[in-house]
Amino acid sequence: MNVLRTLAVPQGEAVFEVLPRIAQILGGEQDAVLPVPAADARETARLSDALHPDQPIDDGISLVVATSGTTGTPKGAMLTAAALRASGDATHERLGGTGSWLLVLPPHHIAGMQVLLRSVLAGTQPVIVDVSAGFDPAALPGAVAAMSGPRRYTSLVPTQLVKALGDRAAVEALASLDAVLLGGAATPAPVLAQATEAGITVVRTYGMSETSGGCVYDGIPLSGARIRIDDGRVLLGGPMLASGYRGLPDHPAFAEPGWFRTDDAGSVVDGVLRISGRLDEAISTGGLTVVPQVVEAALADHPAVRECAVIGIEDPRLGQRVVAVVVAEGEAPTLEELRTHAQRTLDVTAAPRELFVVDALPLRGPGKLDRAALVARFS
């Protein structure tokens with residue numbers, strides 16, 4: 001009988017202690033595993049309450065990874081060893097071969113766990129940066145120098161890349177790598193342009209726990225991965241797909257065998273997937289629908305905007321009003337400046353009607369914007 005067991009995953013050099021268990025996960029050996037953060041008792045309790053370790057689970061499941069969705073209760077994507085191997089093999093195929101990996105993400109999330117899984121698949125020893133106290137770009141040069149060749153890779157979330165771009169030595173270190181996988185959240189176009197200009201080989205990844213991590217790189221599906229657009233919604237399939245959610249056998253996201261129904265809006269143009277935003281985050285203002293990510297992309301290239309988020313706040317006249325929350329680059333922009341800037345490419349309806357300037361945007365999970373926290377703060 002297969003039973004779900006917790007695996008306390010530490011950070012820093014202690015991660016090496018769990019690599020033998022990672023190898024067993026890939027081999028489909030022993031009971032299924034639920035990764036939890038070793039140093040965070042509160043998060044461990046939250047995950048355990050929702051996903052019920054020490055109880056039976058379907059045969060064939062090797063790994064249950066908690067999602068970082070928008071609801072307060074995490075769901076557990078059930079992944080087989082075959083799905084994890086398919087993901088890792090397809091990643092190495094796309095990148096040009098196996099190599100060594102640098103871990104600078106929390107290892108109990110799917111992106112960080114995949115760095116460990118790929119390392120085991122490649123037969124290489126990962127280099128670890130401890131991010132338990134936050135990401136420090138100054139740690140990158142030494143960590144990259146410690147990586148073995150001939151090919152070297154890492155995975156980052158956009159907020160880490162933004163920080164790294166402010167440190168010349170960190171930029172040089174990242175530019176020496178064969179690929180820097182970037183995922184977890186949308187990346188502003190100016191950040192991508194700055195990284196490319198600095199010589200960093202950025203590979204934009206799209207995927208989630210339900211697809212064993214990224215399964216679409218730079219808009220092109222990995223080998224075996226499939227994309228379908230259903231009434232503007234993105235559906236994903238392929239051998240790296242999860243078998244469903246822990247304890248939720250009838251969840252509508254997995255209602256169609258072989259496909260995962262995402263909450264992302266997108267289109268495929270000339271064979272390239274383009275994500276336009278989250279269907280569950282759309283703002284209804286004055287009877288019209290505004291996708292926050294589209295407005296964020298328009299505001300991101302304003303010279304006074306370092307990072308931005310767009311949210312909908314209840315409004316007695318409009319239903320919701322469009323609000324911009326900005327981390328400034330130097331002197332903060334004015335609301336009128338942002339409205340004018342947005343209207344260069346968007347309808348006036350999408351232009352923000354209110355502006356808040358903050359020191360940092362709140363995040364949830366592996367670098368994803370916490371819109372709910374912003375709505376709660378500014379409502």
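This is a predicted model: local features need pLDDT of at least 70, side-chain atom pairs count only at pLDDT 80 or more; totals for chains, interfaces and linings use all residues.
**Exercise 1. The α1–α4 contact**

Solution: 
- Step 1. Locate the helices. α1 covers residues 19–27, and α4 covers residues 110–122.
- Step 2. Sort the residues by class. The contact has ten nonpolar residues, no polar ones and no charged ones.
- Step 3. A packed pair of helices is described by the angle and the distance between the axes.
- Step 4. Apply them. The axes of α1 and α4 come within 9 Å and cross at roughly 80 degrees.

**Exercise 2. A three-stranded sheet**

Task: Give the strand order of the open sheet that contains β18, β19 and β20, and say which strands stand at the edges.

Solution: 
- Step 1. Read the order. It is β18-β19-β20, with mixed pairing.
- Step 2. Find the edges. β18 and β20 each have a single partner strand, so one side of each lacks a neighbour in the sheet.
- Step 3. Inspect one pair. β18 and β19 run antiparallel and are joined by ten bridges. D315 has G319 in β19 as its bridge partner.
- Step 4. Place the helices. α10 lies across β18, β19 and β20, at about 115 degrees to β20. α11 (residues 371–378) also lies across these strands. Its angle to β18 is about 60 degrees.

**Exercise 3. The buried face of α10**

Task: Identify the buried residues of α10, and explain why they line one face of the helix.

Solution: 
- Step 1. Pick out the buried residues in 335–342. They are L338, R339, H341 and A342.
- Step 2. Look down the axis of α10. The buried residues fall within an arc of 165 degrees, so they line one face.
- Step 3. Recall the helix geometry. With 3.6 residues a turn, residues three or four places apart point the same way.
- Step 4. Find the cover. It includes α9 (292–300), β18, β19 and β20.

**Exercise 4. The setting of H92**

Task: Decide whether H92 is buried or exposed, and list its contacts beyond four places in sequence.

Solution: 
- Step 1. H92 lies in α3, residues 81–95.
- Step 2. Apply the cut-off. Buried means under 20% relative accessible area. H92 has 5%, so it counts as buried.
- Step 3. List the contacts. H92 touches G97, T98, G99, W101, R118, A122 and Y153.

Key. Residues are numbered from 1 along each chain as its sequence is written. Side-chain values use heavy atoms; hydrogens and water are left out. Buried means under 20% relative accessible area, exposed over 50%, partly exposed in between (1.4 Å probe, protein chains only). Helices (H or I, at least four residues) and strands (E, at least two) are DSSP runs, numbered from the N terminus. The arc is that of the directions from the helix axis to the C-beta atoms. Contact means heavy atoms within 4.5 Å. Two strands pair if DSSP finds at least two bridges between them. Axes are lines fitted to C-alpha atoms, for helices over the stretch in contact, and angles run from 0 to 180 degrees between N-to-C directions. Ala, Val, Leu, Ile, Met, Phe, Trp, Tyr, Cys and Pro count as nonpolar, Asp, Glu, Lys and Arg as charged, and the others, Gly among them, as polar.
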